[in-house]
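This briefing goes through selected features of one structure, topic by topic. Please read it alongside the sequence and the coordinates shown here.

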Amino acid sequence: MPDGALPVLDVRDLKTVFKTRGGEVHAVNDVSFDLRPGELLGVVGESGSGKSVTMMSLLGLLPSPPADVRGGTVTFDGKDLLQLDPEGLRSVRGGKIGFVFQDPMTSLNPVFTVGMQIAEPLRKHMGLSKAQAAVRAKELLELVGIPDADQRLKDYPHQFSGGMRQRVMIAIALACDPKVLIADEPTTALDVTIQAQILELMKELRDKLGMAVIWITHDLGVIAGIADRVMVMYGGQVVEHAPVRELFGNPGHPYTKALLTTIPKITGAREKRLTIIEGQPPILAGAPKSCPFRDRCNVAFDRCAVENPRRYDVGAGHDVACFHAEGT
Amino acid sequence: MLTYTIRRLLLSIPTLLFIAFVIFMLLELAPGDPMAQMPLTIPPEVKEKMRLALGLGEPWWVRFPLWLKQFFIVEPQYWIDQTFGTNFADGAQRIISFQSRSPVFDTIAERMPQTLWVVGMSYVVGVLIALPIGIISAYRQYSVFDNVGTFVSMIGFSVPPFFSGVVLIVIFSVSLGWLPSIYDTTHQVVDWDTFVFQLRQMIMPVMVLALQTTAQVSRYMRASMLDNLGQDYVRTARAKGMTESVVVMKHVLRNSMIPVITVIALGIPSIFGGAIITEQIFKVNGLGQLLIIALQGSDIPMVMTITFLLAVLIVMMNLIADILYGILDPRIRYD
């Protein structure tokens with residue numbers, strides 16, 4: 001650790017498999033990362049790269065069957081979350097680790113008031129009475145910037161706009177002063193101006209409350225704006241991991257490089273077509289024995305087809321899972 | 001919600017008048033003669049006089065308004081007179097059965113308790129069994145419990161009560177002799193023993209009708225629960241650290257009940273229809289049996305009144321279902 005702080009969350013060799021009729025799908029393969037207090041870790045990758053599944057595996061939120069968390073350790077608060085009993089896990093969920101999901105339109109229960117939904121974790125994890133929970137719920141709504149909080153507690157989710165609902169989701173996640181907040185594409189379903197507001201809010205809240213944040217997205221622009229460190233995932237694996245400036249300034253993995261070229265520029269010639277990465281994402285059947293990106297990679301060579309590269313350290317807290325980075 | 005209810009109640013008046021007219025005209029156009037069951041020794045001219053005495057000599061545009069007046073004005077007057085000892089009716093002509101020559105509503109009032117006991121009880125029992133089955137079947141989808149539940153509902157759906165009723169009688173009354181095959185209406189519940197007897201004679205008709213209700217409602221409940229169990233808000237509730245019982249019995253159930261309540265409310269009239277056959281099989285002299293006998297005897301006032309009461313029940317249950325929907329689902333506001 002460069003700054004000597006112990007990580008709040010330490011994930012080692014996490015493996016998640018989905019059992020389907022067509023065989024096993026290896027959605028998360030030996031994913032390791034850590035999260036330091038107060039840090040914002042960005043997780044990027046395309047759809048199906050295992051970003052969400054990784055985070056849901058941490059807290060046992062995947063339905064089992066079909067999901068099966070096969071191995072690894074998740075150290076949080078001195079305990080391995082994967083070994084906890086269901087009750088122990090429930091006390092962590094919503095208490096010390098908060099979750100914000102992608103679609104605020106469907107993530108709130110339509111038949112209960114917003115106040116009741118915010119008060120629920122407060123009463124369970126902090127043992128507050130109904131009246132105390134209502135006071136705290138009001139504070140939380142004010143914290144996430146919802147005006148007229150007293151009245152709005154009695155409203156139902158359908159009476160809120162998309163951005164307001166996402167603020168409510170954030171209020172629920174923050175309810176019990178979590179040490180870690182996992183935000184799973186929290187701005188994807190929102191339009192750009194609302195997205196900017198939510199990003200601002202998250203930055204502000206992190207500074208105010210000092211929690212660590214894991215921010216999952218497929219939008220590199222968002223990551224560049226808020227993350228301290230970035231983890232790039234592809235095919236259920238971490239392919240590159242670096243501090244944010246290092247990643248954007250000196251990308252090591254061919255996938256990251258390709259991703260960065262896909263971002264359209266405002267300056268420069270307009271007639272150019274949008275850049276894309278050719279090919280399809282890999283089908284994750286069976287444990288990987290080769291580099292998952294080799295079919296779409298323009299610098300792949302023989303070794304990529306027979307061996308899956310491990311993450312090579314290239315200095316400055318930067319590691320790359322590519323044979324081209326070996327020994328640099 | 002109140003203005004909505006009042007508006008719907010007002011709107012149901014023309015609906016019911018139209019239904020009454022259609023029933024009346026269907027009976028008018030149907031073949032059949034109320035005199036057909038009179039002894040053949042009665043000369044035709046006497047029969048003709050009897051027919052005129054029943055009011056059948058008048059055209060339909062006289063008889064239909066008369067029935068409306070009797071149903072909506074005279075009968076309520078008699079009811080008020082009986083209850084409060086007043087004299088609004090002032091000896092006005094009530095709706096009289098062709099067969100028994102007694103007021104139709106008196107006969108219906110006599111038959112109502114049996115039907116309510118058997119039909120009402122079977123519906124309550126059916127729903128109470130169906131809801132937990134639906135919930136567990138959905139939560140443990142494709143488990144042994146779910147598969148058995150699916151199989152039993154399939155039987156409940158596909159086997160008609162006139163078959164399952166007879167099968168039950170053959171097994172429990174004829175072969176085993178445990179339960180009476182005939183429902184004794186004169187039986188009075190006064191102490192524990194007579195209560196047990198009442199239960200014993202109710203079991204089979206209630207079970208036959210409840211099987212149908214259970215089959216339907218449990219399927220709806222299961223489907224509705226499955227719909228909701230996959231929703232994002234369920235994941236949110238789990239991510240908040242809620243226990244499985246809170247997630248399922250509070251978050252999911254409250255949402256799942258919305259369509260099921262509608263089905264339950266709308267099913268109440270149809271269970272009365274199903275009771276017509278079941279009452280025949282178990283010799284329960286309830287409304288269903290009364291309707292069958294009235295139909296066979298071309299007892300037009302009786303058939304007309306019972307059918308119309310069923311229509312009123314259907315219209316009212318529709319209204320109640322809509323109101324319940326609005327109460328349960330905050331997204332639906334009628335005003």
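**Helix packing, sheet and chain contact**

In this predicted model, helix 3 (residues 114–125) of chain A packs with helix 4 (residues 130–143) of chain A at an angle of about 115°, and their axes are 9 Å apart. Chain A also has an open sheet formed by eight strands, with mixed pairing, and the contact between the chains takes 22 residues from chain A and 18 residues from chain B.

**The pair of helix 3 and helix 4 of chain A**

- The crossing in which helix 3 of chain A passes helix 4 of chain A is right-handed.
- Helix 3 of chain A contributes A:G115, A:I118, A:A119, A:L122 and A:R123 to this contact, while helix 4 of chain A contributes A:A133, A:A134, A:R136, A:A137 and A:L140.
- By class, the residues of the contact of these two helices divide into seven nonpolar, one polar and two charged.

**The sheet of chain A and its edges**

- The eight strands of the open sheet in chain A follow the order 6-7-8-3-9-10-12-11.
- Strand 6 (97–100) and strand 11 (312–313) of chain A are the edge strands, each of which pairs on one side only.
- Strand 11 of chain A pairs with strand 12 (residues 319–320) of chain A in the antiparallel sense over two bridges, and A:Y312 stands opposite A:V320 in strand 12 of chain A.
- Helix 6 (residues 162–174) of chain A packs on the sheet, where it touches strand 6 and strand 7 (180–184) of chain A, and the direction of helix 6 makes about 165° with that of strand 6 of chain A.

**Strand 3 of chain A**

- Because five of the five residues of strand 3 (residues 40–44) of chain A are buried, this strand is largely enclosed by the rest of the structure.
- From strand 3 of chain A, A:L40, A:G42 and A:V44 point one way and A:L41 and A:V43 the other way, and all are buried.
- Strand 3 of chain A runs parallel to strand 8 (residues 212–217) of chain A, to which five bridges join it, and A:G42 has A:W215 as its bridge partner in strand 8 of chain A.
- Strand 3 of chain A also pairs in the parallel sense with strand 9 (residues 229–234) of chain A, over four bridges, and in strand 9 of chain A the bridge partner of A:G42 is A:V230.

**The contact between chain A and chain B**

- Of the residues that make up the contact, 18 come from chain B and 22 from chain A.
- On the side of chain B that touches chain A, the elements that give two or more residues are helix 8 (232–239) and helix 9 (244–281) of chain B, and helix 8 of chain B gives the most, with seven residues.
- By class, that side of chain B has five nonpolar, six polar and seven charged residues.

Definitions and conventions
Residues are numbered from 1 along each chain as its sequence is written. Chains are lettered from A and ligands numbered from 1 in the order in which they are written. This is a predicted model: local features need pLDDT of at least 70, side-chain atom pairs count only at pLDDT 80 or more; totals for chains, interfaces and linings use all residues. Two residues are in contact if their C-beta atoms, placed from the backbone, lie within 7 Å. Ala, Val, Leu, Ile, Met, Phe, Trp, Tyr, Cys and Pro count as nonpolar, Asp, Glu, Lys and Arg as charged, and the others, Gly among them, as polar. Axes are lines fitted to C-alpha atoms, for helices over the stretch in contact, and angles run from 0 to 180 degrees between N-to-C directions. A crossing is left-handed if the near helix is turned anticlockwise from the far one by less than a right angle, and right-handed if clockwise. Two strands pair if DSSP finds at least two bridges between them. A residue is buried if 20 or more other C-beta atoms lie within 10 Å of its own, exposed if 12 or fewer, and partly exposed in between; C-beta atoms are placed from the backbone.
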